[in-house]
Amino acid sequence: MEARDDDEMATAGAQLLMAAGNGSSGPTMDVALKIWRFDSETGERELKQYEVEAPEWSCLLDVLDIVKDRVDGTLSYRKSCRMMICGSCGMRMDGAAVLACKERMKPIVDAGHVPVISAMGNLPILKDLVVDMGPFWAKFKAMKPWLQPGFDEPADGKEYRVSQERMNVIHKEALCINCGCCVSECNSMESDPEFLGPQALAKGMRFVGDARDGATVERLEEYNSEHGIWDCTRCYFCNERCPKGVDPRDAIAKLGAESIKHGIDRDMGAKHAKWFVKSAETTGWLRETELVPKTQGIVSSIKEMKFAMGLARKGKVPPPFPPHVADRVEESRKLRELTKTQGRDGALGIVQGERGLARIEHTDRGGARRDVPETDPTEPPVLRDLS
Amino acid sequence: MEAKHDVLIVGAGCAGMRAAIEAHDAGADVAIISKIHPVRSHSGAAEGGINAALGNASDDDPEKHAYDTVKGSDYLGDQDAIQVLCDEAPGDVYELENWGAVFSRTEDGRIAQRPFGAAGEPRTAYAADITGHVLIQVLYEQLVKRDILVYEEYFAWRLVVDDDRCQGVISWDLVNGGLHAIGAKTVILATGGAGRLYAGTTNAYACTGDGMTMALQAGVALKDMEMMQFHPTTLSPSGVLITEGCRGEGAYLLNADGERFLKRYAPNAMELASRDVISRAEQTEIDEGRGVDGSVLLDLRHLGAERILERLHGTRELSMTFALVDPIHDPIPVRPGSHYHMGGVDTDVWGLTSLGGLYAAGEVACVSVHGANRLGGNALMETITYGKRSGRHAAEWALSNTTVTVPPSAVSDAERDLRTLLDRTDGERPWRIRDELATTMHENFGVFRRESQMQQQGEVVAGLRERYERVLVEDKGNVFNTDLTQALELGFLLDLADCMVVCGLARKESRGAHARPYDYPDRDDENFLRHTLVTWNGEGPVLDWRPVTMTKWQPQVRSY
């Protein structure tokens, strides 16, 4: 092997150096952003604006690095791999959780937008963009997140024999990098800080769906208790904000389906779901008047009677008798039959869209697409003591 | 001393966690100290896989694995250490699988294996292209199961040496501030590599060679420090890793003319030649004007969308996010970038260093398994096998010895030095020194090396070290002061750069990653079939040599 002898430089020098130079070569842009600073030693909070020059290929993390290096060394945030796998740099941009290393800045700059950066939600802030992940990991550990094979060891002392198809059941859950973006945006956790939350429950599904795990029933029993799967409000914010395409809400749905499959259905949430199935199977419609007693029980329903009568008077609920049967109810029944014959009750019945893959938010070659934030990001982040 | 343990492990990547599990299971009181949470460790960024002769995809055995590794190392690897790795690899991989690692599967449900560079058989067990992530997760799960103590976000800074033994670690509590001395009968360094020495690197910001410098400053030798691997496929412009698994699945490397240029460099193995060979080929193409904007192209298109989505979805995600290229439709721009340090802390086959009580495992160590060039898939395997072995040995030693002493001076010296740094109100910010170090290392100590440039780099590093004496930390606070820890990391890197230059100048031959086409284009077994060793004399590096351990493979001409 020979390199050209008359090369002035052993390597292509500047061409190779774009990555580390922080703007030393290649086209640059002027980036402006606002950062919610917080100093837990003094309790001071302030929204500060920064303007720096950055390479056009910069992501949010690269811009933060430039700010810290050249403008204000006291800015704190976590970072490590800068390639969307270590999960360190979860934070909020315009009020929604992102991985800083994944957010390209050029389209934002081109749009003339000045984004507001703040710490993740639902976790106590330590400093600037750094949150205390303690409560996050406590929930992770509460899931008993390790394989419990029981007594079913591989006979030949080698690997368990599991088909790729069977492994694919937990394909998405296994992608989770524990960044906390889903927890940051979880609406249920905002009202109940003890809710196990999307990340921990997705980890739970990773084991429930693993053919090698022998503790399925024990796990489902635990995940069905208070603050468990049925406390999820199905707002889908976790699916929306997960930077890796794990789809934690789908994982929670799978846990629900597996619970019912295993007869773990004492929770109102499970009863509610079961009634939907029963109702669709029998009449092809949802029979709302029966939904409440089937879900909450008779005693509780009697207490709701006055409210129900009110609704009926206003024409908000159909009369329960005679039952309204859909014209082609047999289709609905056949569908139900099909899920049974195909063995698609349980997790396999949860239809998922694309393969696990981070949503790539860019349109053609123009870069990332950003939605208009719904919340006012200039409001200071909520400080919480969850300890 | 605020706490003490039988075994204290610095770093919580694959090697550190595997060592902790083994030491715990051997009955020792174990703790891990890590500057980032275990799952954030850079082992998680490994993509392609882990090599073990399982024989699931072909008729393979550890002997073939060992031969490929010896040849790949350009005969600088110690053959006894390589034999240990290859013999123990299959059992260690089955153990990971039994713990729940989510490996990809063959038709008959076994662990799937794919071809990798310079391997005679499809030997690389994998989990799509997120193998490191899957292993980090399974090891952390096992750590949680055992309730092993982790000093999370503690920054290890110095080793405590007393009575010619390593007896603990002095560290900075990143979350709350404050120096802490943690005593230990044995310390295992598992801090990973130092890729941040280079401008273009696949390595995380955390890869700053902490453990190498801590050992060096404690009087332990570093081995083969000139051997920095340049990975042939790092994404332009960000430098993140595009897995060798792409080529394992059949991807082509093309130059600006659309030519599979490897036919002129490695006509038999083509894209599956070893990494040093391909990196040099790419660099030559780029230098001679057949590159595309300083890159060559990695073409996956003929693999088809289905295969890309199933086995290389992480690669697609990285390409689309950082290069705005969808590999289903367009080739990916790639170029060589610093990736893996074959060199590191000199250890024996149990991970033990020359300092009693001090061990090293994984990339921080140099056993030496990889010699002058590491094969893809062997790094993850080394972290597991040698992490496990060092954990076992350290636990056994700790359980038969009792005392731990941390002299008060060790803490007070560290406190004084830290105070000096924090009290400084005027000086130079670290970033300029850091960037200059990284760009000059890339220019002067990169894929191809020249005598004059290496000498020049020695002077550059000396100048940067002088400037570092006046480095300014702006953040004076206690809580999450990364300004302080980043300045300390830069100090680690500068010492290592010094060592690398000294070793590079001394090795007057071309072997593996150390390519000197202008003055010493050939391998010289007569004079240089031996390891470089550097120690620190208080001022700078001192060079020494050690013969390579040979068992049954004699050096041969290396072609692919």
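D74(B) has 25 C-beta neighbours inside 10 Å, so it counts as buried. This is a predicted model.

Where does D74(B) sit in the chain? D74(B) is in the loop between α2 (62-72) and α3 of chain B. Its phi is near 55 degrees, a positive value in a residue other than glycine.

D224(B) lies in the loop between β10 (222-223) and β11 of chain B. Is D224(B) buried or exposed? The cut-off for a buried residue is 20 or more other C-beta atoms within 10 Å. D224(B) has 32 C-beta neighbours inside 10 Å, so it counts as buried.

**Two cis peptide bonds**

Chain B also has cis peptide bonds to look at. One joins S236(B) and P237(B), and another joins V367(B) and S368(B).

| Cis peptide bond | Omega | Loop in chain B |
|---|---|---|
| S236(B) and P237(B) | about 0 degrees | P237(B): between β11 (228-235) and α6 (245-248) |
| V367(B) and S368(B) | about 15 degrees | S368(B): between β17 (365-366) and α10 (378-399) |

**Chain B as a whole**

The C-alpha atoms fill a box of roughly 65 × 50 × 50 Å along the principal axes. A compact globule of 560 residues would have a radius of gyration near 24 Å; chain B has 22 Å, which agrees. Of the 560 residues, 67% count as buried.

Chain B averages a pLDDT of 96, and 100% of its residues score at least 70. For the complex, the predictor gives an ipTM of 0.96 and a pTM of 0.92.

**Domains of chain B**

Chain B is divided into three pieces: domain 1 (3-227 + 340-399), domain 2 (232-337) and domain 3 (408-523).

How far apart are the C-alpha centres of domain 1 and domain 3 of chain B? They lie 24 Å apart. Contacts link these two domains: 37 residues of domain 1 touch 32 residues of domain 3. On the domain 1 side, the elements giving two or more residues are β7 (154-162), β8 (165-173), β9 (179-189) and α5 (210-217) of chain B. The residues on that side divide into 21 nonpolar, ten polar and six charged.

**A closer look at α12(B)**

The helix α12(B) has 15 residues. At 1.5 Å a residue it should span 21 Å, and its end C-alpha atoms are 21 Å apart, which agrees.

Which residues of α12(B) are buried? Among them are P430(B), I433(B), R434(B), L437(B) and A438(B). The buried run T439(B), T440(B), M441(B), H442(B), E443(B) and N444(B) also belongs to this helix. The buried residues pack against α13 (451-468) and α14 of chain B.

An α-helix has 3.6 residues a turn, so residues three or four places apart point the same way.

**Where the chains meet**

How many residues of chain B are in contact with chain A? The count is 73, and they touch 65 residues of chain A. On the chain B side, the elements giving two or more residues are α3 (79-99), α4 (131-145), α7 (275-287), α9 (313-322), α12 (430-444) and α14 (482-506). The chain B side divides into 32 nonpolar, 22 polar and 19 charged residues.

**The partner, chain A**

Chain A has 15 helices and nine strands. Of its 387 residues, 44% count as buried. Among contacts in chain A between residues at least 6 apart in sequence, 68% join residues at least 24 apart.

Definitions and conventions: Residues numbered from 1 in each chain as written. Chains lettered and ligands numbered in written order. Predicted model: local features only at pLDDT ≥ 70, side-chain atom pairs only at ≥ 80, totals over all residues. Domains from an automatic or database assignment. Contact = placed C-beta atoms within 7 Å. Helix = DSSP H or I, 4+ residues; strand = E, 2+ residues; numbered from the N terminus. Nonpolar A, V, L, I, M, F, W, Y, C, P; charged D, E, K, R; others polar. pLDDT = per-residue confidence, 0-100. Expected span 1.5 Å × (residues − 1). Buried ≥ 20, exposed ≤ 12 C-beta atoms within 10 Å, placed from the backbone. Rg over C-alpha atoms; globule rule 2.2 N^0.38 Å.
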